[in-house]
Amino acid sequence: MSETPPPEKSLDPGLYIVATPIGNLGDITLRAIEVLKACDGVACEDTRITGKLLKHLGISKPLWRYDDHSEHRDRRRLVDSMQTRAVALVSDAGTPLVSDPGFRLVNDCHSEGIQVTAIPGPCAAIMGLTLSGLPNDRFMFAGFLPNKDKARREYLEGLASIDSTLVFYETAPRLLKSLDAIATSLPNREVTVARELTKLHEDVRRGLPHGLMAWYEANPPKGEIVLLVGPPVRVETTDADADALLLEALETLKPSQAAAQVAKRTGLDRKALYTRALGLRSE
Ligand code: SAM
């Protein structure tokens, strides 16, 4: 194991990105506490939330509200101050920059030659992935799904061919709609709902979207959620299978739509399916 730098006494100037708990305060790391104690101030999303965490840790520091939409001037001032001060960046919970502010700050620090380091720790996406039972050799973090039905469907369809587990952040009131959209746009995929991670009512449930919908209709979900969708299931499709699927689709759809639908179900090339659909229609 490599040597760790001496803790706390003093920190070199720069930006320290500090992960904080996602529910269970016991998950704060020793290094996170050391850096929060030794830094000159803390940039945070919500000064009340971070104030509570620091109070719990017995730490008192200047708190500066920061989000990536802060005025350019304010960000500049914060970055300039890091020439001589050690500034910690925290978000309300978990790892800053993961669906949380910080990207622009880190980007500016790199441009200005300011030292940036991170104190790693809890992250709901990673914890959800590790508990999901879904393949994790490749995964894509895809943030929050859009709110509007059409945008949500289009977003999911854009991800349909990605050969990785997909990780989304979700909220309880939207879960059923999102499961429904996944059932339509990403059919036959295994899904995991990881809820209230690290908290008293932590719950991880896996199944197909319709089964999960039935469960959550009967047991309305509460709290914070990571929603994970397994990669496309590739089944060998013979030419005869593809023809049968195309013929079925052509009963209600135009050839281009039938080809798109069968391509989505089978992973076969849409253009080749379209040519075949035209042939089948004229036979
Ligand atoms: N940066 C944070 C992280 O590292 O996890 C995520 C911030 S994002 C604004 C908040 C979302 O993370 C929530 O809406 C939920 O989807 C997910 N999340 C946060 N805490 C969670 C928890 N304890 N259990 C499940 N999901 C959680």
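**Figure 1. Domain layout of the chain in the predicted model.** The centres of domain 2 and domain 3, taken over C-alpha atoms, are separated by 29 Å. The domain assignment, whose bounds come from an automatic or database domain assignment, divides the chain into domain 1 (14–122), domain 2 (125–229) and domain 3 (239–282). Residues are numbered from 1 along each chain as its sequence is written, and side-chain values use heavy atoms, with hydrogens and water left out. Since this is a predicted model, local features need pLDDT of at least 70 and side-chain atom pairs count only at pLDDT 80 or more, whereas totals for chains, interfaces and linings use all residues.

**Figure 2. The shell of residues around the ligand.** The ligand is surrounded by 19 residues, a residue being near a molecule if one of its heavy atoms lies within 4 Å of it; the closest are Thr 95, Val 98, Asp 100, Ala 124 and Ile 225. By residue class the shell divides into 11 nonpolar, 3 polar and 5 charged, where Ala, Val, Leu, Ile, Met, Phe, Trp, Tyr, Cys and Pro count as nonpolar, Asp, Glu, Lys and Arg as charged, and the others, Gly among them, as polar. Because domain 1 (14–122) and domain 2 (125–229) both give residues to this shell, the ligand lies between them. Strand E7 (165–171) and strand E10 (224–229) each supply at least two residues of the shell, and E10 gives the most, with 3 residues; strands (E, at least two residues) are DSSP runs numbered from the N terminus.

**Figure 3. Polar contacts between the ligand and the backbone.** A polar contact is here a pair of N or O atoms within 3.5 Å. A nitrogen atom of the ligand lies 2.9 Å from a backbone N or O atom of Ile 22, and for Leu 197 a backbone N or O atom is likewise 2.9 Å from a nitrogen atom of the ligand. A polar backbone atom of Ala 124 is 2.8 Å from an oxygen atom of the ligand. Taken alone the ligand exposes 570 Å², of which the protein buries 90%, with accessible areas from the Shrake-Rupley method and a 1.4 Å probe.

Figure 4. An open sheet is formed by 5 strands in the order E3-E2-E4-E1-E5, with parallel pairing; two strands pair if DSSP finds at least two bridges between them. Strand E3 (63–65) and strand E5 (116–119) are the edge strands, each pairing on one side only. Strand E1 (residues 14–18) runs parallel to E5 and is joined to it by 4 bridges, and the bridge partner of Ile 17 in E5 is Ala 118.

How values were computed. A polar contact is a pair of N or O atoms within 3.5 Å; within protein, one must be able to donate a hydrogen and the other to accept it, and residues adjacent in sequence count only if both atoms are side-chain atoms.
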